[in-house]
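Please examine the sequence and the model shown here. The paragraphs that follow consider charged side chains and the way in which they pair.

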Amino acid sequence: MVTNPKTGEILAACSTPLLPVSNFETMKEGSESLKPVNSSYEPGSIFKILTSAIGIENGVVTPWSTYVVPAAVEVGDDWVSDDDGRDYTMTMSLTEMMRRSSNAGLAMVEQETIGAELFSQGVAAFGIGKETGIDYPGEGPGLVRTLEEYDGSTAGSMAFGQGLAIPMVQMVRAVGIVANGGIPCTPHFVVFKGGEEVEWPKGEQVISQETCNQVTDMMRIVVDEGTGVQADVEGYDVAGKTGTGEQADEEGGYREDAFVSSFVGFAPASDPEVLVYVGLNNTPYLASGSAAPTFSSIMSEALTDVGISPEN
């Protein structure tokens, strides 16, 4: 899904199997569905963008706040570790947690600093668990627990994008808030109707411009030197985040080697004109080597198509 984060206009969107608009006789089951709208997934580490923004906006953490992060952190009855296989304690700033996409680190930040109440309020303010109002049929709210429904592991797991399932258009809208100076826009396809421009509602300010700037700077570092280096687009200032979301097993727990590998980001980071979300469902690959280069290809074409010249 490709949008203009300043307006919410959807410039392009698709999911597989593709809809064969020129020959409906060859249509495969599910091709009429737009999965970023109609299907719910655990978002994985792209949700760390929101966790960081919630902490910064509430003044309880900064990009430079440091934590001594063990190899595994207890979250409810489970132990959370990092995808890079780190087996030692490490002192990390919030920025470093984002750069290396530390699950244990973000779980610590939520459990020790943000707390369940502020976290749940922030999640709701970003519109997670609510329909976006997109003009495409079949949108649902997803499965997101309210504060009253939290158990011992809920907030710690949600901090790095597990323990909830949402249509990814919600993440497109939420990350668009960061790109748009804290103002939410309704994702939409229709621009003109009956010869008149359609006015789509914008919400009230969710986070400050300063919080947006700080989160964007961390997302820049992810692309410049972190898990998102393969998402870079030569000549452009790109901000983004990888996500490798485990997928629930029907028998309980999570499936092995079955992820939604994703990347979401925007460019130019200092004045965003294009936001791109890429999700690769049911892959055995981490996002850094799969969704990130796919994002780079799509973002490169999108920036060219809308007439944004390289900065260098």
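A residue is called buried when its relative accessible area is under 20%, exposed when it is over 50%, and partly exposed in between, as found with a 1.4 Å probe on protein chains only. The model is predicted, so local features need pLDDT of at least 70, side-chain atom pairs count only at pLDDT 80 or more, and totals for chains, interfaces and linings use all residues. Residues are numbered from 1 along each chain as its sequence is written, and side-chain values use heavy atoms, with hydrogens and water left out.

Side chains of opposite charge can pair when their charged atoms come close. A salt bridge requires a side-chain nitrogen of Lys or Arg within 4 Å of a carboxyl oxygen of Asp or Glu. The structure holds nine salt bridges.

One of them joins the side chains of Asp217 and Arg220, with 2.6 Å from N to O. Arg220 is buried at 18% relative accessible area, whereas Asp217, at 39%, is partly exposed.

A further salt bridge links Arg100 with Asp84, whose closest N and O atoms are 2.9 Å apart. Arg100 is buried, with a relative accessible area of 16%, while Asp84 is partly exposed at 44%.

Which side chain does Asp82 meet in a salt bridge? The partner is Arg86, at 3.0 Å from N to O. Asp82 is buried, with a relative accessible area of 7%, and Arg86 also counts as buried, at 5%.
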